[in-house]
Amino acid sequence: MSSIDWAAATSAFHEASADDRALTAAFLATEPDGFDDMAMAVMILGSNTAAGLPAFRGQRDAYTAYYQLEGAQVSVLGSRTHLVDVPGLTFKHQARSYESIGDGADHMLSRFGGSYTLRITCDAPTEDTRCIKPDYLAELAHSLTVVKGADQ
């Protein structure tokens, strides 16, 4: 398990825009499943994405926030675990922050000691530019706002 930088998460929470704070309050009012037991900084899509409130499921050291958009589904996956180098293990290609997954794409990042993946799947994955070009997921990554800024 990785160590969470609660001071940085709390600072980001307090620096959020008024609109993101309103979104956070609305999200918490839904009493998200498993949220109170989370041992990592939870991030959801910010108010500027117009994605609304996610369906949420937390399991202490990992969570999923799921959004249903027109023609696409977006998930924010967070985890406290991190991969360690395994001697002799090789991969066919280098992992990058953006990775095509066939019916969509992933954008990976690390923040506050956690690992986060934004995943999009599209109803028309070969035609929907949100699933073809990395710009859309990169913009979503920049919109992420902290919901849980302190170890509860």
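Me: Does F112 count as buried or exposed at its relative accessibility?
Reply: This is a predicted model, in which local features need pLDDT of at least 70, side-chain atom pairs count only at pLDDT 80 or more, and totals for chains, interfaces and linings use all residues. Residues are numbered from 1 along each chain as its sequence is written, and side-chain values use heavy atoms, with hydrogens and water left out. Buried means under 20% relative accessible area, exposed over 50% and partly exposed in between, with a 1.4 Å probe and protein chains only. At 10% relative accessibility, F112 counts as buried.

Me: Why is the pair of F27 and F35 classed as it is?
Reply: Rings of Phe, Tyr and Trp (its six-membered ring) pair if their centres lie within 6.5 Å, and planes under 30 degrees apart count as stacked, over 60 as edge-to-face and the rest as tilted. The ring centres of F27 and F35 are 6.1 Å apart and the planes stand at 85°, so the pair is edge-to-face.

Me: Which residues form one aromatic cluster?
Reply: A search of the whole structure finds five aromatic pairs; one of them joins F27 and F56, at 5.5 Å centre to centre with 75° between the planes. F27 is buried, with a relative accessible area of 0%, and F56 is buried at 10%. The cluster is formed by F27, F35, F56, Y63 and Y116.
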